[in-house]
Amino acid sequence: MNARSLIAAALILAGSAGARAANIPTPSGFLGMTVGADRTIADYRQVLAYFKALDAASPRVELEILGKTTLGEDLFLAAISSEKNIANKKRLQDVARRIADPRGLGVAEADTLVREGKLFLFITCNIHSTEIGASQMAMEWAHALATAEDAETKRRLDEVVLLLLPSINPDGQIMETEWYRKNLGTRFEGGRMPWLYHHYVGHDNNRDWFMLTQKETQAVTRAVYHEWFPQVWLDEHQMGSSGPRIFVPPYAEPVDPDIHPLVFRDVNLIGANMAFRLEQAKKSGVIYGYVYDAYWPGGTRNTAWWKNISGLLTEVASVRFATPVRIERNELSGGGKGLVEYGAQTNFPNPWPGGTWRLRDIMDYERIVSDAILETCAERRADLLRNALARARDAIATFDANAAFRIPAAQRDAAGAARLASLLAEHGVELRAAANGDAYVPLAQPYGRFVNELLTAQRYPETKLVPGKEIVRPYDVSAWTLPLMMGVGVERTTLPAGLSAWRVAAPSLATGGATFALAPGSPETARLVNAGLRGGQARIARATTSAGGREWPAGTVFLDGAAAKAAAGKAVPGQAWTAVSAFPDATEPLRAPRVGVYKPWAASMDEGWTRFVLEQYGFEPKTLDNKAVRAGSLHASYDAIVLPDVTKEVIATGKPRRDEGAMRYFSELPAEYAGGLEKEGAAALKDFVEKGGTLVALSSSAEYVIDELALPVRNALARGSDFAITGSLLRAEVTAGHPVTYGLPGEVAVFQDEALAFDTALPGAEIERRVLASYPAAAADVLLSGWMRSPELIARKAAAVALSSGKGKVVLLGFRPQHRAQTPGTFPFLFGALYWSTSN
Ligand SMILES: [Zn+2]
């Protein structure tokens, strides 16, 4: 029986509005399952099918496909509003755009727009795929809104256009649902999946919102900052199982003082109504001012704060995916900022007493906060629109009319400079161009605060909750200074006259030669080199070389005509090559490295990011799981093996270190995913290096390699020392002339989030070791952006070390060279290590 066609037939027959409402299928009726029941989940394709049926049946619902996901699903949003607003969508979008950018708008005209405009409420669900409740709740809520005939709901839909995304990671929603269904009824029911729930980035899909590297982020960014311009954004998440039942704003400390205060006044007003409605409905365990801060711009709605949008977060306690959990009273815990001990306090007046918690509870709490935000947005529509307008006006007035940043076109990494300009444009930032190609970013524009935040250094506000030494620690990283991360020179200046509209420039690739020289210095060069190596011949200069009447530095790659032809299509804006007559004599053949990336079954995000970055730059990495490493004979198939940032315990055994006193239980994975490299894997890696392979260790994995290969290196920052850091940018001095550092400037900003730096010792004659980069001698010079404690402990220590013995090589990069694909300025360390693997 095809339920869908029956329902479609019924819909066609339906006549009056009342009959139509009665015939709009419920999610459970349409899908033939009890949505929200224990152990029952509609997967994303079912959710999409349901929303398509709603779109077909209801004039209040209109679907918009935002683009394809990484694995090819349709990412959609449902616009839900009154029939009249839906029909008037284009005009309402124009009004929202003018409110978001009120330049040239008179007072009277602005008043008219506020009267005419509707509040655009953007709600994103289920970015984290195990946080599944909201993807199910969204169907029930949409059905209720599409069918309601009561005056209050109709009034809300007259005032507000709801833009609802039931899942902004469809691929992961499908993966997790499949994994859950497969393990139902087994001892792994509701357990974690041994791989990432986003093909590349897993949980970090909510850390991508300023660099915009993933398709889903890009599609949502287009919808928000180029099409809809919502004034309010709610992102619905889930948290751990044994604390409060739901977090609603206000946020915890600290708050970024550069965000307009009206953002937080809107957020707090809405959050208070959420808590109010939850309590009225006898839902206990509601907390605010807990864990989640208002400082870091990496998450969905967070980035929006600097773009004048009132972004809210909710976090509901989790179950085991869709399987109920029972929390004993003694297991209830605080422990986070805002709730140290579990018990009643001002921000948490009615603690949940413990008991059974199920998917239906999650959906009920989410439904109440969703209705509550819709209520406040309808109730205060004009106020909230006026606030959005005021934030945009104030942002424009924050800076001098002529204040600007200049991104010079001619610089060491011109391609990086062009990429930075394009990224800002993708964010909806307005740029202008000078005749010489320099990009100018005026600060007196609606997103001026965002520009200033991303182009200048961070100084973390050391907020204290009580007198004493301890500060409130950052929630995630504490630095996002794009020029430092990208290795691009940017200067604060004033806008010159005579600028024109900015647009993406074409690459400038010389033609007409037999050979083409690519100077090192930009990570973007790797795209051309790798594509070229698949189409023709390339050679690399190991020392300064002359060709075509000029000197080329060590690391310059020369492509023959066939290689250049294969590479040309990969060139990006700002990239250039120069024609020379022939390969210079003093060059060596360059071969494409065969790269393996180690993948533990711990769903390592850094593994995913490493794979993503290497694929983006044309390295075609192969994945090596525990079994593949343990099988040995790695040298036959790989030149280089990269160990991503994974702790030595997880690499060795598959299990994290069990900290003293920690109560966290490590749940087992099915047998085929259990364990780590074990003894055989360690022996296979050692054999690989002895036979001439190159082992590249990123951040924490360096400790594994140091131990297993007994290298004359140690971590200089002992655990338990006073050193502390959260994702910050540190100054490192680079050793020139080594194959790993070709093209890098004398000083780079490295991204560091670990207590890790190296001491080396003089080895025996069989080992050659070079320090590739080190921290400055003066402690005061170490920190460039972010937050750290006790910089004197890392001063003068090595940041990166290369060791070789015979043909075998080891490269230890003691920082995050490709962190979340946000640090192109240090990609060359990783790429250089991979090319080094093919040299003799
Ligand atoms: Zn989450």
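**Zinc site**

I looked up E131 and found that this residue counts as buried at 8% relative accessibility; buried means under 20% relative accessible area, exposed over 50% and partly exposed in between, with a 1.4 Å probe and protein chains only. The model is a predicted one, in which local features need pLDDT of at least 70 and side-chain atom pairs count only at pLDDT 80 or more, while totals for chains, interfaces and linings use all residues. I note also that residues are numbered from 1 along each chain as its sequence is written, and that side-chain values use heavy atoms, with hydrogens and water left out.

I then asked which protein atoms are the donors of the zinc ion. They are H128 (ND1), E131 (OE), E131 (OE) and H237 (ND1), at 2.1 to 2.5 Å from the ion. Donors are N, O and S atoms within 2.8 Å of the metal (3.2 Å for Na, K and Ca); water is not among the atoms, so sites may look incomplete. Along the chain, the spacing of the donors is H-x2-E-x105-H. H128 is buried, with a relative accessible area of 2%.

I recorded angles of 55 to 149 degrees among the four donor atoms, and the site is irregular. For four donors, tetrahedral requires all angles between 85 and 135 degrees; four count as square planar and six as octahedral if opposite donors are over 155 degrees apart and all others between 65 and 115, and anything else is irregular.

**Whole chain**

I counted 26 helices and 37 strands in the protein chain; these are DSSP runs numbered from the N terminus, helices being H or I with at least four residues and strands E with at least two. The radius of gyration is 28 Å, close to the 28 Å that the globule rule gives for 840 residues, so the chain is as compact as a globular protein of that length. That radius is taken over C-alpha atoms, and the rule is 2.2 Å times the number of residues to the power 0.38. The C-alpha atoms fill a box of roughly 85 × 65 × 65 Å along the principal axes.

Of the 840 residues, 59% are buried. I next examined helix α26 (residues 827-836): 10 of its 10 residues are buried, so the helix is largely enclosed by the rest of the structure. Among them are F827, F831 and W836.

**Cysteines**

How many disulfides does a search of the whole structure find? It finds zero, a disulfide being a pair of cysteine sulfur atoms within 2.5 Å. For C125, the nearest cysteine sulfur is that of C377, 15 Å away. From the side of C377, the closest cysteine sulfur is in C125, and the 15 Å between them is too far for a bond. C125 is buried at 0% relative accessibility, and C377 is likewise buried at 0%.

**Backbone details**

I found a cis peptide bond from P249 to P250, with omega near 5 degrees. P250 lies in the loop between β6 (246-247) and β7 (252-255). Another cis bond joins E253 and P254, with omega about -5 degrees; P254 lies in strand β7.

I also noted positive phi values in residues other than glycine. F229 has phi near 50 degrees and is in the loop between α11 (215-228) and β5 (232-239). K282 has phi of about 65 degrees and is in the loop between α12 (261-280) and β8 (286-287). F229 is buried at 10% relative accessibility, whereas K282 is exposed at 75%.
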